[in-house]
Amino acid sequence: MDTPQLVIGASGFLGSHVTRTLVERGARVRVMVRRTSSLRALRDLDVEYVFGDITDPDSLRAAMRDCEVVYYCVVDARPWLRDPAPLFRTNVSGLRTVLDVAAEAGLRRFVFTSSVATLPIGTEVIDEAAGQHNWERLGGAYVRSRVRAERLVLDYARDRGLPAVAMCVANTYGPGDHLPTPHGGFVAAAARGKLPFYVRGAGAEVVDIRDAATALVLAGERGRPGERYIVSAGFRNTRELHDLAAGVTGAAPARYGIPRAVLPVAGIIGELVARIKGTDVRVTRTTMRLMHTMTPLDHSKAERELDWHPRPIEDTIADAAHFFTRNRKRRD
């Protein structure tokens with residue numbers, strides 16, 4: 001395949017897996033990263049590097065030159081920030097700059113990494129045709145920025161003819177979670193026998209990071225412009241995921257169950273600590289709500305239209321647990 005495909009945000013967890021999936025499928029891949037980005041997840045891949053920033057139209061034009069498909073994997077996913085300005089600067093303002101350039105680039109597809117947080121919640125299983133988003137206040141600034149970002153992308157598809165597809169990605173798990181993500185961090189702790197507690201009744205939509213990457217690549221091939229697709233393998237109880245990780249490595253599972261009613265109290269305490277220390281902490285009322293707010297989702301549209309079939313989440317958690325324990329041994 002001679003025409004390059006561009007991954008913006010290729011150094012991140014999802015972006016690196018999208019890049020790897022494209023390379024494995026024989027595509028010519030160009031990646032746009034910042035000069036300060038860690039490239040450890042890309043080092044073994046034969047890709048073309050372009051250094052730039054989503055706020056710089058010139059670097060974006062250079063990156064998109066001659067490309068057919070752009071995979072956009074940039075997101076500020078820090079719902080705990082006391083100052084929400086960075087969330088909107090990256091997730092909305094920076095995205096608008098990218099969309100302005102993409103609308104003039106003659107692309108065949110623009111695949112946007114959205115979130116299941118852009119979907120409404122309710123008492124029944126939700127799909128892409130569900131009504132208006134109904135929990136921006138509960139979700140805080142992070143969810144508001146994600147909802148606005150997705151709306152912006154779909155507006156460009158409708159009003160400016162951008163062939164954009166929005167992928168509503170669930171919590172991603174799997175190997176290569178170097179930071180790790182907040183939810184991946186719990187699996188890492190469980191795999192190492194360092195998770196003493198679990199939250200009773202907490203659950204979320206989950207998906208293997210490799211399957212999420214495959215969904216984005218399939219959307220680049222056959223996704224319908226102006227549409228969104230749910231990318232999730234299903235709703236799972238978080239205690240079940242953590243116990244799976246512990247079972248894979250032989251670690252002791254979490255012993256103490258914390259009722260969900262305690263979470264808001266923990267969030268208030270975290271916010272007080274942040275105020276006293278003058279720094280951000282990850283335990284806030286918003287982050288505690290995000291642990292258990294979502295409604296189960298129906299991803300059959302992605303299966304039907306993209307021919308996407310996610311693997312069992314048990315396999316995903318096993319691979320993640322092995323990754324985390326191997327990485328710890330290397331550091332030690």
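Predicted model: local features only at pLDDT ≥ 70, side-chain atom pairs only at ≥ 80, totals over all residues.
G203 stands opposite N237 in β11. That strand belongs to an open sheet of 3 strands, ordered β7-β9-β11, with mixed pairing. Residues are numbered from 1 along each chain as its sequence is written, and side-chain values use heavy atoms, with hydrogens and water left out.

**The three-stranded sheet**

- β9 (residues 203-208) and β11 pair in the antiparallel sense over 4 bridges.
- Strands (E, at least two residues) and helices (H or I, at least four) are DSSP runs, numbered from the N terminus.
- Two strands count as paired if DSSP finds at least two bridges between them.
- β7 (171-173) and β11 (234-237) are the edge strands, and each pairs on one side only.
- Twist in this sheet averages 55 degrees from one strand to the next.
- Such angles run from 0 to 180 degrees between N-to-C directions; the axes are lines fitted to C-alpha atoms, for helices over the stretch in contact.

- β1 and β2 run parallel and are joined by 4 bridges. I8 has M32 as its bridge partner in β2.
- β4 (residues 69-72) and β5 (residues 109-115) also run parallel, again with 4 bridges. V69 has R109 as its bridge partner in β5.

- β2 is mostly covered, with 5 of its 5 residues buried. Buried means under 20% relative accessible area, exposed over 50%, and partly exposed in between (1.4 Å probe, protein chains only).
- In a regular strand the side chains alternate between the two faces of the sheet.
- V29, V31 and V33 point one way from β2, while R30 and M32 point the other way.
- R34 lies in the loop between β2 and β3.
- R34 and I8 are 26 residues apart in sequence, and their C-alpha atoms are 9.7 Å apart in space.
- Leaving aside neighbours within four places in sequence, R34 is in contact (heavy atoms within 4.5 Å) with F51, G52 and D53.

**Helices across the sheet**

- T19 lies in α1. T19 is buried, with a relative accessible area of 0%.
- Not counting residues up to four places away in sequence, T19 touches V7, A10, V29, V31, L42, L45 and V47.

- The expected span is 1.5 Å times one less than the number of residues.
- α4 bends by about 85 degrees at Y142. The bend at a residue is the angle between axes fitted to the seven residues ending there and the seven starting there.
- Just after α4, G161 takes a positive phi of about 75 degrees.
- α6 has 14 residues and reaches 20 Å from its first C-alpha to its last, close to the expected 20 Å.
- α6 is mostly covered: 10 of its 14 residues are buried. Among them are I209, D211, L216 and G220.

**Nonpolar cores**

- The largest nonpolar core has 53 residues, and V7, V18, Y71, M167 and L216 have the most contacts inside it. Such a core is a set of buried Ala, Val, Leu, Ile, Met, Phe, Trp, Tyr and Cys residues joined through side-chain atoms within 4.5 Å.
- α6 (residues 209-222) gives the most to this core, with 8 residues.
- L216 touches L14, V18, Y71, C73, V111, T113, M167 and V169, not counting residues up to four places away in sequence.
- Another core, of 28 residues, lies apart from it and includes L6, M64, V70 and F112.
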